[in-house]
Every structure is written in structure tokens, then in C-alpha cells.
Amino acid sequence: MYQDLKGKVAVVTGGSKGIGNAIAERFGAEKMNVVINYHRDRAGAETAAAAVVKSGGQAEIVQADISTEAGAEKLCQTALDHFGKLDIWVNNAGMEIKAATHELSLADWNKVTAVDQTGVFLGARMALKYFKANHVKGTIINMSSVHEQIPWPTFASYAAAKGSVKLFTKTIAMEYAKDGIRVNAIGPGAINTPINAKKFADQAQYDQTVSMVPMNRIGTPAEVAAGAAWLASSESSYVTGTTLFIDGGMTLYPAFKDGQG
Ligand code: BGC
């Protein structure tokens, strides 16, 4: 637990399931006040909100499309209306679509980049506007992926968007460092979340994924949320513009693990 997080106000996009849900819960355990965004899964957001309240925080759930300006504004306004301020913004919402790139439709490319790339820009811009206007030394956390670094055939739109999140994070970290605003990314590897449910239900695909993780296991959403809590807290006060990989070593070139090469 991080003492300084108590009473802080956070927006978490895509908080109804998976990593976003775990971050909301962890922030609740830190006694924070959390605006939990969802797109379609209201029940998931309600479950996350109940967990936050149970551990002593406060929560508001908000339906919003984070790939729109109106969506980002609604989230910020909810934080201000209900909790009177904003300290932390987590751009977590994400999606992926599998397709061979020569067959990837423009519509699907646009769908993925709208959420994974434009959504991150709009959320960060909203938070930065508020932080600047109110002289808040706030923190932004962008959910990237190991695929900001590792190419991912048949997921070109996702990898391209995450690569963009990486340099967007570094750029705005540099731009706003003088204001005391910190901006970091988290790069999860293979985590047990709904985005992977279908893949992990297939034993062969599950084993294949595990074989690419030096630690030999899939990660949990709570393990990613622990990184988000640290990046949100003042324990990481000298950390900005970095990606914290939480991936069991997936980015360490696991093909070399037996000393071949
Ligand atoms: C993706 C997962 C994938 C993992 C490792 C994540 O960014 O969302 O679907 O299992 O990267 O490849």
C-alpha cells in the first residue's frame, strides 16, 4: 500500500474487465476514488465499483466511448463533479483484431487504432488540460504492450498502435516534465484476461504462449495492477517516459534461453 495514494482521484478507462478492472480494484484498496469507464459491459463496471467501495474507496461508473472527445470529457467531468479533482489518468482501454495484413480491412484498422491509439491521445490530452489549468502534478499511465517492441504478425493494427503509444508516452513525458507531470506506460505480456480467453481455452495455444515466457507462466491482472499503483504513487517520483514491462521476461528474447545462437 502507498500512503500518498489515499484520497487521490483516478480515471481508469476500460475498467469493466481484465487489467482495467484489476487496476480499479487495486486503487480501491489504496483508498482512492475511482471513475471506472466502460463501453458496453455495465455489469463488469458495477462489479469493479463494488470492489472499490468494499475496500474503502469510492467509485463512479461511466459509460463512454473513449475514442471520442465527448467520451474523455465525460470522464473528466465525472471525476470533478463527484470527487472534486483529478490526480491520475489511466488509459487502459484496448482491443485487438487478428487478420493477415493483406486482408485487413480499413474499417478494422480504424476500429483498433481509434481505441488503442486515438483513445490514448484523447485521454492524455484531457488529463493534461486539467493538470495544466489547475497546476496539478498529476500522473498519466498508458497501457501499452510487449508489442510496442515485439512485432506481431497478423496483429499489425495493434502492434502499430502500441508502438505509437510508446513514443507518444515518451514525447509527452518530455513535454510536461517541467510541470511536474509524469507520464509512463505499462507493457503487459501474456496476462489472464478476457482478451485472451478464447486463445487460452485452447491447450495448444496456451502452452505455446507459456513457452514464450521465461518465467513459464501466464501473468495475472493483479500483477499488472501492482505496477500501475507504483507508477501512480510518489514511490516512482523520479520515473517518467518509461515503459514498465510486466511480462515474465517475454521481451527478453526467450528463443535464446538455452544459450543457443
Ligand atoms: C495481447 C495479448 C497477447 C500478449 C502477448 C498482449 O498485448 O493483448 O493478446 O497474448 O500481448 O503476445
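**The ligand and the sheet**

The shell around the ligand holds four nonpolar, four polar and two charged residues; here Ala, Val, Leu, Ile, Met, Phe, Trp, Tyr, Cys and Pro count as nonpolar, Asp, Glu, Lys and Arg as charged, and the others, Gly among them, as polar. Please note that this is a predicted model, in which local features need pLDDT of at least 70 and side-chain atom pairs pLDDT 80 or more, while totals for chains, interfaces and linings use all residues. Residues are numbered from 1 along each chain as its sequence is written, and side-chain values use heavy atoms, with hydrogens and water left out.

Which residues surround the ligand? They are Glu96, Ser145, His147, Trp152, Tyr158, Gly189, Ile195, Asn196, Lys199 and Met250, each with a heavy atom within 4 Å of the ligand. Polar contacts are pairs of N or O atoms within 3.5 Å. A polar side-chain atom of Ser145 lies 2.6 Å from a ligand oxygen, a side-chain N or O atom of Tyr158 is 2.6 Å from a ligand oxygen, and for Lys199 the corresponding distance is 2.9 Å. Of the 310 Å² of accessible area that the ligand has on its own, the protein covers 93%, by the Shrake-Rupley method with a 1.4 Å probe.

I turn now to the sheet. It is open, with seven strands in the order β3-β2-β1-β4-β5-β6-β7 and parallel pairing; strands are DSSP runs of E, at least two residues, numbered from the N terminus, and two of them pair if DSSP finds at least two bridges between them. The edge strands are β3 (58-63) and β7 (243-246). Six bridges join β2 (residues 33-38) to β3, and Val34 has Ala59 of β3 as its bridge partner.

Methods: Helix = DSSP H or I, 4+ residues; strand = E, 2+ residues; numbered from the N terminus. Polar contact = N/O pair within 3.5 Å; in protein donor to acceptor, adjacent residues only side chain to side chain.
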